[in-house]
Amino acid sequence: MDLSADLDFARSLADTADAISLERFRAADLHVSTKADSTHVTDADQAVERALRERLAAERPDDAFLGEETTADTGADAVSEGHRQWVVDPIDGTANYLRGVPVWATLIALAVDGRPVLGVVSAPALGKRWWAAEGLGAHSTDGPLRVSGIAELADASLSYNSIQQWDEDDRLDALVALSRKVWRTRAYGDMWSYVLVAEGVLDVAGEPDLKPWDIAALVPIVEEAGGRFTSLDGDPGPWHGSALATNGLVHDAVVEVIRRSDA
């Protein structure tokens, strides 16, 4: 499968998204509302997704589409039956975005038969972008990506999103157990944790209670950088409601700690 043209297209979609999101970032008239699930959405989230969906409809009309805001509006099933499906989170880190914190990004993935094969993470407020496709490696604006060589949990650095998230999912004991096994923990949060694993400066990132659009673009970036990406329970793919990314060397050990704690 040659994904070169799709990757070029995905990066051009990211250019479209960046132009919209960056213009509205820290805008005095940014409109913020609350969705049915009590999470926030801004006019920038909606405008980015609308623009990307329109481009995909015009330039990739045979491909399926899954987007956070569109799915929330229509109640569409999270797993499309389409052979090729674009999965979009218009702004990952909306809470950061609406508070003026620059750690947020547009996530764009292409899944083929349910497997994410291409991902782009674009964070214009940070001036950074990460991308990967199967067989083409993982890269960022700083160069090629490669995970760390840390082989023991005792030497590993772990990042998560929030203590509340693990607590609300009744998995706080698992997070505490992991914190006792690793060298250090930090809550970098959102997409930031996962791209730092791909860069090799973190060794483990994970969180429960996620949707496919939160995860899909991150999977090929971590895997093409040499890491592993599963759910917290060790299931591959972005469809299981949680995420665990590691450098691969400590992955089984992390899953085992979580399983023992859950049991």
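How many of the nine residues of strand β6 (residues 115-123) are buried? Eight of them are, so the strand is largely enclosed by the rest of the structure. The legends below describe close-up views of a predicted model.

**Figure 1. Strand β6 and its antiparallel pairing with β5 and β7.** Strand β5 (residues 105-112) pairs with β6 in the antiparallel sense, over seven bridges. Within this pairing, I108 has V120 of β6 as its bridge partner. The two strands form a hairpin with two residues between them, and D113 in the turn has a positive phi of about 55 degrees. Strand β7 (residues 128-133) also pairs with β6 in the antiparallel sense, here over six bridges. In this second pairing, V121 stands opposite W130 of β7. The hairpin formed by β6 and β7 has four residues between the strands, and G127 in its turn has a positive phi of about 70 degrees.

**Figure 2. The open sheet of five strands.** The strand order is β11-β10-β12-β14-β13, and the pairing is mixed. Strands β11 (184-186) and β13 (228-230) stand at the edges with a single partner strand each, so one side of each is left without a neighbour in the sheet. From one strand to the next, the twist averages 15 degrees. Strand β12 (residues 204-208) pairs with strand β14 (residues 242-246) in the antiparallel sense over five bridges. The bridge partner of V204 in β14 is T246.

Figure 3. Leaving aside residues up to four places away in sequence, Q165 touches E207, P208, D209 and L210.

**Figure 4. The aromatic pair of F9 and W86.** A pair of aromatic rings is described by the distance of the centres and the angle of the planes. Six aromatic pairs are found in a search of the whole structure. In the pair of F9 and W86, the ring centres are 5.6 Å apart and the planes stand at 80 degrees, so the arrangement is edge-to-face. The pair links distant parts of the chain, with F9 in helix α1 (residues 4-24) and W86 in strand β4 (residues 84-92), 77 residues apart. Both partners lie in the buried class: F9 has a relative accessible area of 6%, and W86 one of 1%.

**Figure 5. The aromatic pair of F25 and W104.** The ring centres of F25 and W104 are 5.2 Å apart with the planes at 55 degrees, so this pair is tilted. F25 is located in the loop between α1 and β1 (32-34), and W104 in the loop between α4 (94-99) and β5, so the pair ties together parts that are 79 residues apart in sequence. F25 and W104 are both buried. Together with Y97, these two residues form one aromatic cluster.

**Figure 6. Arginine charges over aromatic rings.** The charged end of R11 sits over the ring of W131, at 4.0 Å from the ring centre. The ring of F9 has the charged end of R60 over it, 4.2 Å from its centre.

**Figure 7. Salt bridge between E59 and R55.** Across the whole structure, a search finds 15 salt bridges. In the one shown here, the side chains of E59 and R55 meet with an N to O distance of 2.9 Å. The two residues are four apart in helix α2 (residues 43-59), which means that about one helical turn separates them. E59 counts as partly exposed, at 39% relative accessibility.

Figure 8. D63 counts as buried at 17% relative accessibility. K128 belongs to strand β7 and E199 to helix α7 (residues 190-199), so the pair ties together parts 71 residues apart in sequence. K128 is buried, with a relative accessible area of 14%, whereas E199 is partly exposed at 25% relative accessibility. Salt bridges with shared partners join D6, R60, D63 and R84 into one network.

Terms used. Residues are numbered from 1 along each chain as its sequence is written. Side-chain values use heavy atoms; hydrogens and water are left out. Buried means under 20% relative accessible area, exposed over 50%, partly exposed in between (1.4 Å probe, protein chains only). Two strands pair if DSSP finds at least two bridges between them. Axes are lines fitted to C-alpha atoms, for helices over the stretch in contact, and angles run from 0 to 180 degrees between N-to-C directions. Contact means heavy atoms within 4.5 Å. Rings of Phe, Tyr and Trp (its six-membered ring) pair if their centres lie within 6.5 Å; planes under 30 degrees apart count as stacked, over 60 as edge-to-face and the rest as tilted. A charge sits over a ring if NZ of Lys or CZ of Arg is within 6 Å of the ring centre and within 35 degrees of the ring normal. A salt bridge is a side-chain nitrogen of Lys or Arg within 4 Å of a carboxyl oxygen of Asp or Glu.
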